[in-house]
Structure formats: structure tokens, C-alpha cells
Amino acid sequence: MLGTGRRIDLLGLAVEPALLPFIRTLVWALIFFFLLVYTMQSWGLDPAALIAGTGLFGLAISLAAKDTADNLLGYFTIVAERPFLVGDFIAAGGVSGVVEHVGWRSTRVRQMDQVLVIVPNKNLTSANIANSQRMAKQMMETHLNIPYGSPPAAIQAFLDRVRALLAARPLVEPDSIVALVMNLNKDSMDILIRCNILETRWLLFRTEQEAIMLAILGLMEDAGLEPALPSQK
């Protein structure tokens with residue numbers, strides 16, 4: 001059995017282990033076919049009929065099993081290009097969830113509601129795939145509406161404390177911190193708070209986001225600020 005390093009030395013490229021059984025089968029089939037043609041030529045037989053028959057047989061098989069062939073080709077593409085791995089959370093073709101298994105014909109995806117979806121491989125290779133596991137971070141963004149009449153000094157102090165709060169959290173990317181008055185709306189001031197959190201796992205990201213938002217509410221209370229409420233005059 002050749003290791004990955006040895007295969008690279010001999011072939012000049014890395015072959016995914018999952019593809020090796022198919023490659024071995026194809027190589028042996030080609031060897032057998034050429035030996036058969038050589039043997040027929042040695043016996044004085046014309047191998048043209050065999051070659052033509054093999055082509056027609058292959059064409060008939062490919063037409064009869066087009067979907068199977070497309071799914072098998074999709075499997076090769078998934079294994080070779082690796083747009084996702086087992087355990088990744090993906091969204092593709094209206095399906096989103098955790099990849100549980102990649103088979104020759106289909107891929108099993110477990111949705112958030114625990115429904116197991118069987119997706120043909122050909123559908124995945126022709127769809128746009130969003131793989132959240134390939135992200136290094138996720139963005140948190142929230143907007144606060146502060147009513148007019150709030151002291152500008154209190155708002156400035158609140159924004160400074162929000163920036164300091166985010167900068168002190170280990171999972172927040174320092175260069176991504178934004179806390180500023182974004183717009184002066186008809187009935188309130190719009191404050192934008194945004195940052196990148198260095199966590200891609202859904203639950204851990206949401207837990208960090210929750211902690212930040214609760215801390216921001218505490219800073220609002222300390223600054224004597226209240227969110228604007230819908231009102232009519």
C-alpha cells in the first residue's frame with residue numbers, strides 16, 4: 001500500500017484515499033481489456049468487433065444509468081475537491097445542516113430540526129455550497145435606538161465603554177470593533193455596534209454574542225440611557 005508521500009513522488013499528485021478503490025478497479029479493467037485485445041491479435045482474430053461492442057455496451061450502460069453515473073461523478077468531485085467534510089455545517093440547494101455521511105450516490109445531511117435529508121451528489125456539485133466551518137470568524141451586529149433628549153455626553157461615554165468592553169473580550173477581533181451613532185432617524189438615534197467573533201461553532205458563537213449583549217444592556221443602564229419605544233403624536 002502506497003502512502004500519500006509515495007503516491008505524490010510517483011504520480012506527481014496526491015490521490016484521495018477514498019478514490020483509490022475506484023482507481024485500482026479502473027486500472028485492472030484496462031489491463032484486462034488490453035491483454036484480451038493482445039491475445040486476440042496473437043490468435044489471428046480481429047479485435048475491432050470487440051472494441052466496437054465494448055463501446056456500444058458502455059454507451060448503453062451509461063444511458064440506462066445516467067443518474068447513477070452523475071451521482072458517482074459527483075462523489076468523485078466531492079472527494080477530490082472537498083468542498084465540505086463530514087461534520088461540517090453546510091447550506092446548499094435549500095438544505096442546511098451537518099454532513100453525516102458522504103456516499104457513492106448521495107450525501108446525508110442532518111438539519112437543525114433533526115430531520116435527515118438525503119441529497120443526491122449531483123445536486124450538491126451543481127449547487128452553491130456555503131460551508132460555515134471554513135470561516136475563521138463570524139460577525140455580530142446589532143442596532144440600538146436611543147430617543148432624542150438623551151445627553152450627548154452620556155451617549156459618548158456609553159460608546160467609549162462599549163468599545164472598551166469589546167476590546168477586553170478575548171474572542172472579539174480588535175480591528176473589527178465598531179460602536180458609533182449611525183443615523184439620526186425621525187424619532188430616534190440609531191447606534192450601530194458591530195464586531196467579529198473568533199468562533200465558528202454555532203452554539204459557542206451565540207453564547208459569546210449573548211454575553212456581549214447583556215453586558216451592553218448593563219452599560220446602557222449605568223449611563224442612564226433607555227431604548228426608544230414606538231410612539232405616536
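**A walk through the chain**

Leaving aside neighbours within four places in sequence, Met112 is in contact with Phe89 and Ser96. Before I go on, please keep in mind that this is a predicted model. Where does Met112 sit? Met112 is found in the loop between β3, residues 106-110, and β4, residues 116-120. Is Met112 buried or exposed? Its relative accessibility is 53%, so Met112 counts as exposed, the cut-off for that being over 50%. For a sense of distance, take Val98: Met112 and Val98 are 14 residues apart in sequence, and their C-alpha atoms are 8.0 Å apart in space.

Now the strands around there. Strand β1, residues 89-92, pairs with strand β2, residues 95-102, in the antiparallel sense, over four bridges. In that pairing, Ser96 of β2 stands opposite Ala91, and Ser96 is also one of the contacts of Met112. The hairpin of β1 and β2 has two residues between the strands, and in it Gly93 takes a positive phi near 60°.

On the next pairing, β2 and β3 run antiparallel and are joined by four bridges. The hairpin that joins β2 to β3 goes through three residues. Val99 has Val109 in β3 as its bridge partner.

Let me step back to the whole chain. Its secondary structure comes to seven helices and eight strands. The chain has 233 residues, and buried residues make up 29% of them. The accessible surface comes to about 15,300 Å², and 62% of that belongs to carbon and sulfur atoms. As for contacts between residues at least 6 apart in sequence, 58% join residues at least 24 apart.

Next, the cores. In soluble globular proteins, nonpolar side chains tend to be buried together. Which residues touch the most other members of the largest nonpolar core here? They are Phe158, Ile191 and Ile193, in a core of 23 residues. The elements that give two or more residues to this core are β6 (138-147), α6 (152-167), β8 and α7 (202-222). Among these, α6 gives the most, with seven residues. Not counting residues up to four places away in sequence, Phe158 touches Leu144, Ile191, Ile216, Leu219, Met220, Ala223 and Leu225. Apart from this core lies another, of 13 residues, and Val79, Ala92, Val99 and Val119 are among them.

Leu144 stands opposite Ile191 in β8, and both Leu144 and Ile191 are touched by Phe158.

Staying with β8, look at Asn196. Asn196 lies in this strand, which spans residues 188-197. Is Asn196 buried or exposed? Asn196 counts as buried because its relative accessibility is 17%, and buried means under 20%. Its side chain makes a polar contact with the side chain of Glu173, at 2.9 Å. Beyond neighbours within four places in sequence, the contacts of Asn196 are Lys137, Gln138, Met139, Leu171, Val172, Glu173 and Ser176.

Then there is Leu180, found in strand β7, residues 178-184. Leu180 counts as partly exposed, at 34% relative accessibility. Again leaving aside neighbours within four places, Leu180 is in contact with Leu159, Arg163, Asp190, Ile191 and Leu192. Leu180 and Ile155 are 25 residues apart in sequence and 9.4 Å apart in space, C-alpha to C-alpha.

One last item: aromatic rings. How many aromatic pairs does the structure hold? It holds one. The rings belong to Tyr75 and Phe76; their centres are 6.2 Å apart and their planes are at 55°, so the pair is tilted. Tyr75 counts as buried, at 7% relative accessibility, while Phe76 is partly exposed, with a relative accessible area of 25%.

That is the end of the walk.

Definitions and conventions: Residues numbered from 1 in each chain as written. Predicted model: local features only at pLDDT ≥ 70, side-chain atom pairs only at ≥ 80, totals over all residues. Heavy atoms only, no water. Buried < 20%, exposed > 50% of the residue type's maximum accessible area, 1.4 Å probe, protein only. Polar contact = N/O pair within 3.5 Å; in protein donor to acceptor, adjacent residues only side chain to side chain. Contact = heavy atoms within 4.5 Å. Core = buried A, V, L, I, M, F, W, Y, C linked by side-chain atoms within 4.5 Å. Phe/Tyr/Trp six-rings, centres within 6.5 Å; stacked < 30°, edge-to-face > 60°. Areas by Shrake-Rupley, 256 points an atom, 1.4 Å probe, with all protein chains shown as cover. Pairing = 2+ DSSP bridges.
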